[in-house]
Amino acid sequence: SGETSDLPFWDELLEKDRKYVWHHMSPHNENPMIVASGEGSWVTDVAGNRYLDGMSGLWCVNVGHGRKEIAEAAAEQMMKLAYSTMVQSHSPAIELAAKINEWLDGDYRIFFSNSGSDANEVAFKIARQYHHQNGKPTKHKFISRHRAYHGNSMGALGATGQAQRKLKYEPLGVGFQHVPPPYCYRCPFGQTQGNCSLQCAKAIEDTIVWEGADSVAGVIMEPVITGGGMIVPPDEYLQTVRRICDKYEVLLIVDEVICGFGRSGEKFGHLNYGVRPDIVTMAKGMTSAYSPLSATAVSAELYESFRNNQEPTSHLRHINTFGGNPVSCVVALKNIEILESENLVARSAAIGNAFKDGLKPLLSHPHVGEIRIFGSAMGIELVEDVKTKQPAMAERVVKIIAACKQKGLLVGKNGDTVPGYANILTLSPPFSSTDEDIRFIVDTLLAVFDVNEEKG
Ligand code: PMP
(Lines give C-alpha, C1' and ligand atoms only; values in the text may rest on other atoms or scores of the structure.)
Protein backbone atom coordinates (compact mmCIF):
# COMPACT_ATOMS: atom_id res chain seq x y z
CA SER A 1 0.00 0.00 0.00
CA GLY A 2 1.00 3.66 -0.28
CA GLU A 3 1.41 3.81 3.48
CA THR A 4 4.05 1.14 3.66
CA SER A 5 5.88 1.82 0.40
CA ASP A 6 8.41 4.10 2.08
CA LEU A 7 9.26 1.59 4.74
CA PRO A 8 12.37 -0.49 4.24
CA PHE A 9 11.32 -3.96 3.16
CA TRP A 10 12.30 -5.43 6.54
CA ASP A 11 9.65 -3.35 8.29
CA GLU A 12 7.10 -4.89 5.98
CA LEU A 13 8.53 -8.31 6.75
CA LEU A 14 8.28 -7.63 10.46
CA GLU A 15 4.67 -6.55 10.08
CA LYS A 16 3.86 -9.76 8.23
CA ASP A 17 5.77 -11.78 10.78
CA ARG A 18 3.67 -10.32 13.59
CA LYS A 19 0.53 -11.04 11.65
CA TYR A 20 1.25 -14.61 10.54
CA VAL A 21 4.10 -16.33 12.40
CA TRP A 22 3.96 -18.15 15.71
CA HIS A 23 7.54 -18.35 16.92
CA HIS A 24 9.08 -21.26 18.77
CA MET A 25 9.38 -21.03 22.55
CA SER A 26 8.04 -18.27 24.71
CA PRO A 27 7.52 -15.48 25.50
CA HIS A 28 5.91 -14.28 22.29
CA ASN A 29 8.61 -12.63 20.29
CA GLU A 30 7.18 -9.51 18.71
CA ASN A 31 10.55 -8.22 17.61
CA PRO A 32 12.42 -11.19 16.19
CA MET A 33 15.75 -10.89 14.46
CA ILE A 34 15.00 -11.66 10.80
CA VAL A 35 18.01 -13.49 9.48
CA ALA A 36 18.81 -13.06 5.82
CA SER A 37 22.06 -14.88 5.13
CA GLY A 38 25.00 -16.71 6.62
CA GLU A 39 28.65 -17.20 5.77
CA GLY A 40 31.04 -19.25 7.88
CA SER A 41 30.36 -18.51 11.54
CA TRP A 42 28.48 -15.29 10.80
CA VAL A 43 24.86 -14.49 10.04
CA THR A 44 23.46 -11.24 8.70
CA ASP A 45 20.00 -9.88 9.44
CA VAL A 46 17.75 -8.09 6.95
CA ALA A 47 19.00 -4.72 8.15
CA GLY A 48 22.58 -5.73 7.34
CA ASN A 49 23.82 -6.28 10.92
CA ARG A 50 26.37 -9.09 11.26
CA TYR A 51 26.51 -11.45 14.20
CA LEU A 52 28.77 -14.32 15.13
CA ASP A 53 26.44 -17.32 15.45
CA GLY A 54 27.81 -18.49 18.79
CA MET A 55 25.24 -21.28 19.13
CA SER A 56 25.49 -22.57 15.54
CA GLY A 57 21.75 -21.94 15.37
CA LEU A 58 20.52 -24.54 17.87
CA TRP A 59 23.80 -26.42 18.41
CA CYS A 60 23.64 -27.65 14.83
CA VAL A 61 25.30 -25.68 11.99
CA ASN A 62 28.60 -27.33 12.80
CA VAL A 63 30.35 -26.88 9.44
CA GLY A 64 29.30 -23.24 9.31
CA HIS A 65 26.96 -21.37 7.00
CA GLY A 66 27.09 -20.93 3.22
CA ARG A 67 28.61 -24.26 2.17
CA LYS A 68 28.05 -24.26 -1.59
CA GLU A 69 29.23 -27.86 -1.96
CA ILE A 70 26.32 -29.02 0.23
CA ALA A 71 23.83 -26.97 -1.78
CA GLU A 72 25.19 -28.39 -5.04
CA ALA A 73 25.04 -31.97 -3.80
CA ALA A 74 21.43 -31.41 -2.68
CA ALA A 75 20.40 -29.86 -6.01
CA GLU A 76 21.98 -32.70 -7.96
CA GLN A 77 20.20 -35.33 -5.84
CA MET A 78 16.88 -33.49 -6.10
CA MET A 79 17.07 -33.68 -9.87
CA LYS A 80 18.10 -37.34 -9.82
CA LEU A 81 15.72 -38.70 -7.16
CA ALA A 82 13.97 -36.39 -4.71
CA TYR A 83 12.09 -39.05 -2.83
CA SER A 84 11.74 -42.69 -2.08
CA THR A 85 10.27 -44.43 0.94
CA MET A 86 12.52 -46.28 3.34
CA VAL A 87 10.41 -49.39 2.85
CA GLN A 88 12.58 -49.53 -0.24
CA SER A 89 16.14 -48.29 -0.19
CA HIS A 90 18.39 -45.92 -2.11
CA SER A 91 22.09 -45.40 -2.37
CA PRO A 92 22.34 -42.16 -0.31
CA ALA A 93 20.70 -43.92 2.68
CA ILE A 94 22.84 -47.03 2.22
CA GLU A 95 26.08 -45.03 2.01
CA LEU A 96 25.08 -42.88 4.97
CA ALA A 97 24.19 -45.89 7.14
CA ALA A 98 27.63 -47.33 6.36
CA LYS A 99 29.31 -44.00 7.13
CA ILE A 100 27.47 -43.69 10.48
CA ASN A 101 28.75 -47.16 11.39
CA GLU A 102 32.29 -46.05 10.61
CA TRP A 103 31.86 -43.01 12.86
CA LEU A 104 30.29 -45.05 15.66
CA ASP A 105 33.15 -47.54 15.44
CA GLY A 106 30.65 -50.34 16.02
CA ASP A 107 28.08 -52.59 14.41
CA TYR A 108 24.73 -50.82 14.19
CA ARG A 109 21.64 -50.85 11.96
CA ILE A 110 20.37 -47.40 11.10
CA PHE A 111 16.70 -46.34 11.17
CA PHE A 112 16.17 -42.89 9.62
CA SER A 113 13.68 -40.25 10.80
CA ASN A 114 13.26 -36.47 10.65
CA SER A 115 14.17 -34.94 13.99
CA GLY A 116 15.87 -35.67 17.27
CA SER A 117 12.49 -36.18 18.93
CA ASP A 118 11.54 -38.73 16.26
CA ALA A 119 14.80 -40.60 16.71
CA ASN A 120 14.16 -40.93 20.45
CA GLU A 121 10.57 -42.12 19.92
CA VAL A 122 11.90 -44.84 17.62
CA ALA A 123 14.44 -45.82 20.28
CA PHE A 124 11.66 -46.20 22.88
CA LYS A 125 9.53 -48.31 20.56
CA ILE A 126 12.43 -50.58 19.60
CA ALA A 127 13.45 -51.04 23.25
CA ARG A 128 9.93 -51.95 24.35
CA GLN A 129 9.33 -54.29 21.43
CA TYR A 130 12.70 -55.95 21.92
CA HIS A 131 11.88 -56.89 25.49
CA HIS A 132 8.33 -57.83 24.53
CA GLN A 133 9.61 -60.29 21.96
CA ASN A 134 12.38 -61.69 24.14
CA GLY A 135 10.56 -63.10 27.12
CA LYS A 136 10.33 -59.86 29.15
CA PRO A 137 7.01 -58.35 28.06
CA THR A 138 6.62 -56.29 31.23
CA LYS A 139 9.80 -54.28 30.69
CA HIS A 140 8.42 -50.96 29.48
CA LYS A 141 9.69 -48.09 31.69
CA PHE A 142 12.51 -45.69 30.89
CA ILE A 143 14.77 -43.88 33.31
CA SER A 144 16.18 -40.46 32.46
CA ARG A 145 17.58 -37.56 34.43
CA HIS A 146 16.08 -34.39 35.79
CA ARG A 147 17.17 -31.43 33.64
CA ALA A 148 17.49 -33.65 30.57
CA TYR A 149 15.86 -32.59 27.30
CA HIS A 150 14.99 -35.32 24.82
CA GLY A 151 12.49 -33.63 22.52
CA ASN A 152 9.02 -32.21 22.10
CA SER A 153 6.82 -35.17 21.18
CA MET A 154 4.77 -36.84 23.90
CA GLY A 155 7.21 -39.70 24.57
CA ALA A 156 10.37 -37.62 24.25
CA LEU A 157 8.78 -34.96 26.44
CA GLY A 158 7.95 -37.68 28.94
CA ALA A 159 11.65 -38.51 29.04
CA THR A 160 12.52 -34.84 29.45
CA GLY A 161 13.26 -33.86 33.04
CA GLN A 162 12.19 -30.22 33.12
CA ALA A 163 8.78 -29.57 34.65
CA GLN A 164 8.20 -26.19 33.05
CA ARG A 165 8.37 -27.70 29.57
CA LYS A 166 5.76 -30.31 30.48
CA LEU A 167 3.20 -29.02 32.96
CA LYS A 168 0.56 -27.67 30.59
CA TYR A 169 0.82 -30.55 28.14
CA GLU A 170 0.20 -33.54 30.35
CA PRO A 171 -0.57 -36.37 30.24
CA LEU A 172 2.55 -37.23 28.27
CA GLY A 173 3.83 -40.65 27.30
CA VAL A 174 3.80 -42.67 30.51
CA GLY A 175 6.45 -44.88 32.06
CA PHE A 176 9.27 -42.35 32.39
CA GLN A 177 11.05 -42.13 35.75
CA HIS A 178 13.59 -39.43 36.55
CA VAL A 179 16.71 -39.49 38.69
CA PRO A 180 18.97 -36.60 39.79
CA PRO A 181 21.63 -35.54 37.28
CA PRO A 182 25.41 -35.84 37.84
CA TYR A 183 25.61 -32.14 38.59
CA CYS A 184 28.82 -31.79 40.56
CA TYR A 185 28.63 -28.00 40.96
CA ARG A 186 25.34 -28.44 42.85
CA CYS A 187 25.60 -32.10 43.82
CA PRO A 188 22.07 -33.33 44.52
CA PHE A 189 23.59 -35.65 47.14
CA GLY A 190 25.60 -32.97 48.95
CA GLN A 191 28.95 -34.45 47.94
CA THR A 192 32.05 -32.60 46.80
CA GLN A 193 33.48 -32.96 43.31
CA GLY A 194 36.09 -35.68 42.89
CA ASN A 195 35.33 -37.02 46.35
CA CYS A 196 32.13 -39.05 46.08
CA SER A 197 30.93 -42.56 45.39
CA LEU A 198 28.78 -41.66 42.37
CA GLN A 199 25.46 -41.63 44.20
CA CYS A 200 24.02 -40.13 40.99
CA ALA A 201 24.73 -43.39 39.14
CA LYS A 202 23.62 -45.44 42.15
CA ALA A 203 20.27 -43.60 41.98
CA ILE A 204 19.69 -45.30 38.63
CA GLU A 205 20.31 -48.71 40.15
CA ASP A 206 18.05 -47.93 43.11
CA THR A 207 15.31 -46.79 40.75
CA ILE A 208 15.60 -49.96 38.67
CA VAL A 209 15.41 -52.08 41.83
CA TRP A 210 12.48 -50.21 43.38
CA GLU A 211 10.52 -49.94 40.16
CA GLY A 212 11.27 -53.61 39.58
CA ALA A 213 13.90 -54.63 37.04
CA ASP A 214 11.19 -56.56 35.21
CA SER A 215 9.43 -53.27 34.50
CA VAL A 216 12.41 -51.27 33.19
CA ALA A 217 13.19 -51.31 29.45
CA GLY A 218 15.91 -48.70 29.17
CA VAL A 219 17.90 -45.77 30.43
CA ILE A 220 18.20 -42.72 28.17
CA MET A 221 20.84 -40.06 28.60
CA GLU A 222 23.00 -37.60 26.75
CA PRO A 223 26.74 -38.14 27.34
CA VAL A 224 26.68 -34.62 28.78
CA ILE A 225 23.43 -32.79 29.53
CA THR A 226 23.62 -29.95 27.03
CA GLY A 227 20.36 -27.99 26.86
CA GLY A 228 19.77 -28.64 30.57
CA GLY A 229 22.78 -26.46 31.37
CA MET A 230 25.99 -28.18 30.19
CA ILE A 231 26.17 -30.70 33.01
CA VAL A 232 29.38 -32.71 32.59
CA PRO A 233 29.41 -35.95 34.64
CA PRO A 234 32.37 -37.42 36.52
CA ASP A 235 34.60 -39.45 34.17
CA GLU A 236 33.41 -42.85 35.45
CA TYR A 237 29.68 -42.05 35.44
CA LEU A 238 28.72 -43.37 32.01
CA GLN A 239 30.71 -46.60 32.42
CA THR A 240 29.04 -47.14 35.80
CA VAL A 241 25.63 -46.65 34.20
CA ARG A 242 26.59 -49.15 31.48
CA ARG A 243 27.45 -51.75 34.12
CA ILE A 244 24.16 -51.14 35.95
CA CYS A 245 22.20 -51.52 32.69
CA ASP A 246 23.97 -54.81 31.94
CA LYS A 247 23.28 -56.14 35.43
CA TYR A 248 19.50 -55.66 35.09
CA GLU A 249 19.06 -56.29 31.35
CA VAL A 250 18.19 -52.68 30.76
CA LEU A 251 19.09 -51.09 27.41
CA LEU A 252 21.34 -48.04 27.35
CA ILE A 253 20.08 -45.42 24.91
CA VAL A 254 22.51 -42.56 24.36
CA ASP A 255 21.03 -39.36 22.94
CA GLU A 256 23.74 -37.88 20.72
CA VAL A 257 21.45 -35.32 19.08
CA ILE A 258 23.75 -32.50 20.19
CA CYS A 259 26.96 -34.29 21.22
CA GLY A 260 27.23 -36.43 18.08
CA PHE A 261 29.24 -35.69 14.94
CA GLY A 262 32.09 -33.89 16.64
CA ARG A 263 30.59 -31.44 19.09
CA SER A 264 32.20 -33.34 21.99
CA GLY A 265 35.67 -33.28 20.43
CA GLU A 266 35.26 -36.96 19.54
CA LYS A 267 33.14 -38.40 16.74
CA PHE A 268 30.41 -39.17 19.29
CA GLY A 269 30.11 -38.02 22.89
CA HIS A 270 30.02 -41.51 24.41
CA LEU A 271 33.36 -42.35 22.75
CA ASN A 272 34.94 -39.96 25.28
CA TYR A 273 33.89 -42.41 27.99
CA GLY A 274 34.63 -45.74 26.34
CA VAL A 275 31.12 -47.18 26.53
CA ARG A 276 29.11 -49.00 23.89
CA PRO A 277 25.42 -48.04 23.93
CA ASP A 278 22.68 -50.40 22.73
CA ILE A 279 21.00 -47.57 20.87
CA VAL A 280 22.37 -44.20 19.75
CA THR A 281 20.12 -41.38 18.54
CA MET A 282 21.44 -38.53 16.39
CA ALA A 283 20.17 -35.55 14.39
CA LYS A 284 21.36 -31.90 14.27
CA GLY A 285 25.07 -32.22 13.44
CA MET A 286 24.48 -35.13 11.08
CA THR A 287 23.50 -32.65 8.35
CA SER A 288 24.73 -29.50 10.12
CA ALA A 289 21.01 -28.64 9.81
CA TYR A 290 21.27 -27.99 6.07
CA SER A 291 18.36 -30.41 5.78
CA PRO A 292 16.24 -32.22 8.41
CA LEU A 293 17.33 -35.77 9.16
CA SER A 294 17.82 -37.98 12.19
CA ALA A 295 18.74 -41.57 12.90
CA THR A 296 18.36 -44.26 15.50
CA ALA A 297 21.39 -46.54 15.45
CA VAL A 298 20.56 -49.94 16.92
CA SER A 299 23.14 -52.55 17.89
CA ALA A 300 23.39 -55.46 15.47
CA GLU A 301 22.48 -57.79 18.33
CA LEU A 302 19.16 -56.03 18.91
CA TYR A 303 18.47 -55.86 15.20
CA GLU A 304 19.18 -59.57 14.77
CA SER A 305 16.68 -60.42 17.49
CA PHE A 306 14.01 -58.74 15.37
CA ARG A 307 15.24 -60.26 12.13
CA ASN A 308 15.48 -63.80 13.49
CA ASN A 309 12.03 -63.70 15.06
CA GLN A 310 9.70 -65.97 13.08
CA GLU A 311 6.47 -64.33 14.30
CA PRO A 312 4.77 -62.48 11.43
CA THR A 313 4.24 -59.40 13.63
CA SER A 314 7.82 -59.21 14.85
CA HIS A 315 9.03 -56.36 12.66
CA LEU A 316 9.12 -52.78 13.87
CA ARG A 317 5.76 -51.20 13.11
CA HIS A 318 7.07 -47.76 12.35
CA ILE A 319 7.17 -45.67 9.19
CA ASN A 320 7.57 -41.96 8.56
CA THR A 321 7.23 -40.18 5.26
CA PHE A 322 10.31 -38.00 5.26
CA GLY A 323 12.79 -40.11 7.23
CA GLY A 324 15.81 -41.03 5.11
CA ASN A 325 14.88 -38.56 2.39
CA PRO A 326 17.56 -39.01 -0.30
CA VAL A 327 18.32 -35.29 -0.49
CA SER A 328 18.83 -35.14 3.29
CA CYS A 329 21.04 -38.24 3.17
CA VAL A 330 23.22 -36.70 0.45
CA VAL A 331 23.43 -33.52 2.52
CA ALA A 332 24.55 -35.60 5.53
CA LEU A 333 27.17 -37.41 3.44
CA LYS A 334 28.58 -34.14 2.11
CA ASN A 335 28.52 -32.64 5.62
CA ILE A 336 30.44 -35.62 7.02
CA GLU A 337 32.89 -35.42 4.12
CA ILE A 338 33.59 -31.80 5.13
CA LEU A 339 34.00 -32.77 8.80
CA GLU A 340 36.56 -35.36 7.71
CA SER A 341 38.46 -33.43 5.05
CA GLU A 342 38.78 -30.30 7.20
CA ASN A 343 39.62 -32.26 10.34
CA LEU A 344 36.77 -30.54 12.15
CA VAL A 345 36.34 -33.00 15.04
CA ALA A 346 39.85 -32.14 16.25
CA ARG A 347 39.05 -28.50 15.55
CA SER A 348 36.02 -28.77 17.83
CA ALA A 349 38.26 -29.98 20.68
CA ALA A 350 40.74 -27.18 19.95
CA ILE A 351 37.97 -24.58 20.18
CA GLY A 352 37.08 -25.86 23.65
CA ASN A 353 40.73 -25.56 24.69
CA ALA A 354 40.87 -22.02 23.35
CA PHE A 355 37.79 -21.16 25.45
CA LYS A 356 39.39 -22.72 28.51
CA ASP A 357 42.55 -20.64 28.09
CA GLY A 358 40.99 -17.41 26.88
CA LEU A 359 38.21 -17.22 29.45
CA LYS A 360 40.35 -17.83 32.55
CA PRO A 361 39.86 -14.21 33.67
CA LEU A 362 36.09 -14.86 33.88
CA LEU A 363 36.62 -17.41 36.64
CA SER A 364 37.32 -14.69 39.17
CA HIS A 365 34.25 -12.69 38.15
CA PRO A 366 31.77 -12.29 41.03
CA HIS A 367 28.86 -13.63 38.93
CA VAL A 368 30.55 -16.58 37.25
CA GLY A 369 30.05 -19.75 39.28
CA GLU A 370 31.60 -22.25 36.92
CA ILE A 371 32.60 -22.70 33.28
CA ARG A 372 31.90 -26.17 31.90
CA ILE A 373 33.27 -27.29 28.56
CA PHE A 374 32.72 -30.48 26.55
CA GLY A 375 34.43 -30.37 23.18
CA SER A 376 33.38 -27.04 21.71
CA ALA A 377 30.17 -26.77 23.78
CA MET A 378 30.40 -24.47 26.76
CA GLY A 379 28.18 -23.45 29.65
CA ILE A 380 28.92 -20.45 31.84
CA GLU A 381 26.90 -20.79 35.02
CA LEU A 382 25.91 -17.37 36.30
CA VAL A 383 25.25 -16.81 39.98
CA GLU A 384 24.30 -13.91 42.21
CA ASP A 385 27.07 -14.82 44.60
CA VAL A 386 29.82 -17.37 44.08
CA LYS A 387 29.75 -18.43 47.75
CA THR A 388 26.03 -19.10 48.11
CA LYS A 389 25.77 -20.21 44.43
CA GLN A 390 22.37 -18.57 44.26
CA PRO A 391 21.48 -18.75 40.55
CA ALA A 392 21.71 -15.44 38.71
CA MET A 393 18.44 -13.57 38.43
CA ALA A 394 16.77 -13.61 35.02
CA GLU A 395 17.37 -9.88 34.65
CA ARG A 396 21.13 -10.28 34.94
CA VAL A 397 21.21 -13.10 32.39
CA VAL A 398 19.06 -11.19 29.93
CA LYS A 399 21.27 -8.12 30.28
CA ILE A 400 24.43 -10.09 29.50
CA ILE A 401 22.87 -11.75 26.46
CA ALA A 402 21.69 -8.37 25.17
CA ALA A 403 25.15 -6.89 25.70
CA CYS A 404 26.70 -9.76 23.71
CA LYS A 405 24.23 -9.22 20.90
CA GLN A 406 24.90 -5.51 20.91
CA LYS A 407 28.57 -6.33 20.33
CA GLY A 408 27.72 -8.79 17.55
CA LEU A 409 27.76 -12.13 19.39
CA LEU A 410 24.76 -14.45 19.64
CA VAL A 411 24.82 -16.69 22.73
CA GLY A 412 22.22 -19.02 24.21
CA LYS A 413 20.77 -19.46 27.67
CA ASN A 414 19.87 -22.82 29.09
CA GLY A 415 19.66 -24.69 32.31
CA ASP A 416 16.76 -23.60 34.49
CA THR A 417 18.57 -24.23 37.76
CA VAL A 418 15.52 -22.58 39.25
CA PRO A 419 12.55 -23.94 37.29
CA GLY A 420 11.30 -21.25 34.96
CA TYR A 421 14.39 -19.31 34.02
CA ALA A 422 17.79 -20.21 32.71
CA ASN A 423 21.00 -19.01 34.39
CA ILE A 424 23.56 -20.72 32.18
CA LEU A 425 24.98 -19.00 29.12
CA THR A 426 25.71 -21.49 26.37
CA LEU A 427 28.01 -21.35 23.38
CA SER A 428 28.58 -23.94 20.69
CA PRO A 429 30.10 -22.20 17.67
CA PRO A 430 30.65 -23.82 14.28
CA PHE A 431 33.73 -26.07 14.27
CA SER A 432 34.82 -24.22 11.15
CA SER A 433 35.23 -21.02 13.19
CA THR A 434 38.55 -19.37 12.44
CA ASP A 435 41.04 -18.44 15.16
CA GLU A 436 39.86 -14.88 14.62
CA ASP A 437 36.21 -15.90 15.20
CA ILE A 438 37.12 -17.66 18.44
CA ARG A 439 39.16 -14.66 19.57
CA PHE A 440 36.13 -12.47 18.83
CA ILE A 441 33.95 -14.68 21.05
CA VAL A 442 36.47 -14.64 23.90
CA ASP A 443 37.16 -10.90 23.64
CA THR A 444 33.45 -10.09 23.47
CA LEU A 445 32.67 -12.17 26.56
CA LEU A 446 35.55 -10.62 28.49
CA ALA A 447 34.42 -7.14 27.48
CA VAL A 448 30.76 -7.77 28.33
CA PHE A 449 31.52 -9.11 31.78
CA ASP A 450 33.89 -6.26 32.56
CA VAL A 451 31.41 -3.62 31.39
CA ASN A 452 28.59 -5.16 33.37
CA GLU A 453 30.77 -5.22 36.42
CA GLU A 454 31.67 -1.54 36.12
CA LYS A 455 28.01 -0.71 35.94
CA GLY A 456 27.25 -2.97 38.90
N1 PMP B 1 17.63 -34.57 22.21
C2 PMP B 1 18.44 -33.56 22.53
C3 PMP B 1 19.59 -33.81 23.45
C4 PMP B 1 18.22 -32.28 22.03
O5 PMP B 1 19.01 -31.26 22.37
C6 PMP B 1 17.13 -32.08 21.16
C7 PMP B 1 16.84 -30.71 20.53
N8 PMP B 1 17.42 -29.62 21.09
C9 PMP B 1 16.31 -33.16 20.86
C10 PMP B 1 16.59 -34.38 21.39
C11 PMP B 1 15.13 -32.99 19.97
O12 PMP B 1 15.51 -32.74 18.68
P13 PMP B 1 14.51 -32.05 17.64
O14 PMP B 1 14.36 -30.62 18.07
O15 PMP B 1 15.21 -32.21 16.33
O16 PMP B 1 13.25 -32.82 17.70
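Two strands are taken to pair if DSSP finds at least two bridges between them. Helices (H or I, at least four residues) and strands (E, at least two) are DSSP runs, numbered from the N terminus. The structure is a predicted model, in which local features need pLDDT of at least 70 and side-chain atom pairs count only at pLDDT 80 or more, whereas totals for chains, interfaces and linings use all residues. Residues are numbered from 1 along each chain as its sequence is written.

The protein chain contains 14 helices and 15 strands. Its radius of gyration is 22 Å, close to the 23 Å that the globule rule gives for 456 residues, so the chain is as compact as a globular protein of that length. The radius is taken over C-alpha atoms, and the globule rule is 2.2 Å times the number of residues to the power 0.38. Along the principal axes, the C-alpha atoms fill a box of roughly 70 × 60 × 45 Å. Of the 456 residues, 48% are buried; a residue is buried if 20 or more other C-beta atoms lie within 10 Å of its own, exposed if 12 or fewer, and partly exposed in between, with C-beta atoms placed from the backbone. Two residues are in contact if their C-beta atoms, placed from the backbone, lie within 7 Å. Among contacts between residues at least 6 apart in sequence, 71% join residues at least 24 apart.

An open sheet of seven strands has the order β4-β10-β9-β8-β7-β5-β6, and its pairing is mixed. The edges are formed by β4 (108–113) and β6, each with a single partner strand, so one side of each is left without a neighbour in the sheet. From one strand to the next, the twist averages 20°. Axes are lines fitted to C-alpha atoms, for helices over the stretch in contact, and angles run from 0 to 180 degrees between N-to-C directions. Strands β4 and β10 run antiparallel and are joined by six bridges, with Arg109 having Val298 of β10 as its bridge partner. Helix α10 (residues 300–307) lies across β4 and β10 and runs at about 85° to β10.

Helix α8 (residues 237–247) lies across β7 and β8, at about 145° to β8. Its buried residues are Tyr237, Leu238, Thr240, Val241, Arg242, Ile244 and Cys245. The buried residues of α8 pack against α7 (199–211), β7 (216–221) and β8. Just after this helix, Glu249 takes a positive phi of about 55°.

A further open sheet, of four strands, has the order β11-β12-β15-β14 with antiparallel pairing. Strands β11 (368–374) and β14 (412–414) are its edges, each pairing on one side only. The twist in this sheet averages 25° from one strand to the next. Four bridges connect β12 (residues 377–382) with β15 (residues 424–427) in the antiparallel sense, and Gly379 stands opposite Thr426 in β15.

Strands β1 (residues 35–39) and β2 (residues 42–45) run antiparallel and are joined by four bridges, with Val35 opposite Asp45 in β2. The two strands form a hairpin with two residues between them, and Gly40 in the turn has a positive phi of about 65°. Strand β2 also pairs with β3 (residues 50–53) in the antiparallel sense, over three bridges; the bridge partner of Trp42 in β3 is Leu52. The hairpin of β2 and β3 has four residues between the strands, and Gly48 in the turn has a positive phi of about 95°.

Backbone geometry at several loop positions was also examined. The peptide bond from Glu170 to Pro171 is cis, with omega near 5°, and Pro171 is placed in the loop between α6 (154–159) and β6 (176–179). Phe261, although not a glycine, has a positive phi of about 60°. This residue is found in the loop between β8 (251–255) and β9 (279–282), and Phe261 counts as buried because it has 31 C-beta neighbours inside 10 Å. Ser288, likewise not a glycine, has a positive phi of about 50°. Ser288 is in the loop between α9 (284–287) and β10 (294–299) and, with 30 C-beta neighbours inside 10 Å, counts as buried.
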